[in-house]
Amino acid sequence: MTSDSGINQDVKPSGPGCVDCDPVTGWWLHLRRCAECGHVGCCDSSPSQHATKHAESSGHPIIQSYEPGEDWFWNYRTQEFADGPELAPPHSHPLDQPVPGPAGHVPQNWQSLLHE
């Protein structure tokens with residue numbers, strides 16, 4: 001599939017963590033990867049919800065989970081799970097990266113800071 005479908009199989013992820021979270025204090029619960037440009041953002045339960053903000057500002061409608069062992073897609077336009085092809089590796093954040101993460105950034109009261 002090409003970017004006409006909102007999916008580009010050739011683009012690599014932007015990195016191992018949310019590219020928009022503050023590099024000193026930012027943290028996330030789970031990560032999502034834009035299927036069109038590879039932008040890695042934090043999920044809607046995370047304090048900053050950067051994956052959804054990216055979809056809204058870029059118009060890129062489809063994300064894929066960037067969690068180990070997960071391969072589901074979500075379409076923001078239809079608000080439904082979607083099917084998609086295998087994207088360029090890597091397919092998740094590093095296995096040694098904790099959830100929530102990144103290591104050393106997650107506050108002790110992190111559960112009380114999540115969005116539902």
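## Close-up views of the strands and loops

**View 1. Gln79 has its place in the loop between S4 and S5.** Strands (E, at least two residues) and helices (H or I, at least four residues) are taken here as DSSP runs, numbered from the N terminus. This is a predicted model, in which local features need pLDDT of at least 70 and side-chain atom pairs count only at pLDDT 80 or more, while totals for chains, interfaces and linings use all residues. Residues are numbered from 1 along each chain as its sequence is written, and side-chain values use heavy atoms, leaving out hydrogens and water. Gln79 is not a glycine, yet its phi is positive, near 60 degrees. With 49% relative accessibility, Gln79 counts as partly exposed, a class that lies between buried (under 20% relative accessible area) and exposed (over 50%), as computed with a 1.4 Å probe on protein chains only.

**View 2. Five strands make up an open sheet with antiparallel pairing, in the order S2-S1-S3-S4-S5.** Strand S2 (40–42) and strand S5 (80–82) are the edge strands, each pairing on one side only. Neighbouring strands of this sheet are turned against each other by 40 degrees on average, with direction ignored. Two strands are said to pair if DSSP finds at least two bridges between them. Helix H1 (residues 50–58) lies across strand S1 (31–34) and S2, and runs at about 125 degrees to S2; such angles run from 0 to 180 degrees between the N-to-C directions of axes, which are lines fitted to C-alpha atoms, for helices over the stretch in contact.

**View 3. Strand S1 is covered on both faces.** In a regular strand the side chains alternate between the two faces of the sheet. Here Leu31 and Arg33 on one side, and Arg32 and Cys34 on the other, are all buried. S1 is joined to S2 by three bridges in an antiparallel arrangement, with Leu31 standing opposite Cys42 in S2, and S1 also pairs with S3 over three bridges in the antiparallel sense, with Arg33 opposite Gln64 in S3. The hairpin formed by S1 and S2 has five residues between the strands, and Gly38 in the turn has a positive phi of about 90 degrees.

**View 4. Asn75 is found in strand S4.** Strand S4 (residues 73–75) pairs with strand S3 (residues 62–65) over three bridges in the antiparallel sense, and Asn75 is the bridge partner of Ile62. Asn75 counts as buried because its relative accessibility is 15%. Leaving out residues up to four places away in sequence, Asn75 touches Pro61, Ile62, Glu80 and Ala82, where contact means heavy atoms within 4.5 Å. The side chain of Asn75 also reaches the backbone nitrogen of Thr78 at 3.2 Å.

**View 5. Glu70 lies in the loop between S3 and S4.** The side chains of Glu70 and Ser65 make a polar contact at 2.6 Å, that is, a pair of N or O atoms within 3.5 Å, of which, within protein, one must be able to donate a hydrogen and the other to accept it, residues adjacent in sequence counting only if both atoms are side-chain atoms. Glu70 is partly exposed, with a relative accessible area of 33%. Although 22 residues separate Glu70 and Ser92 in sequence, their C-alpha atoms are 8.2 Å apart in space.
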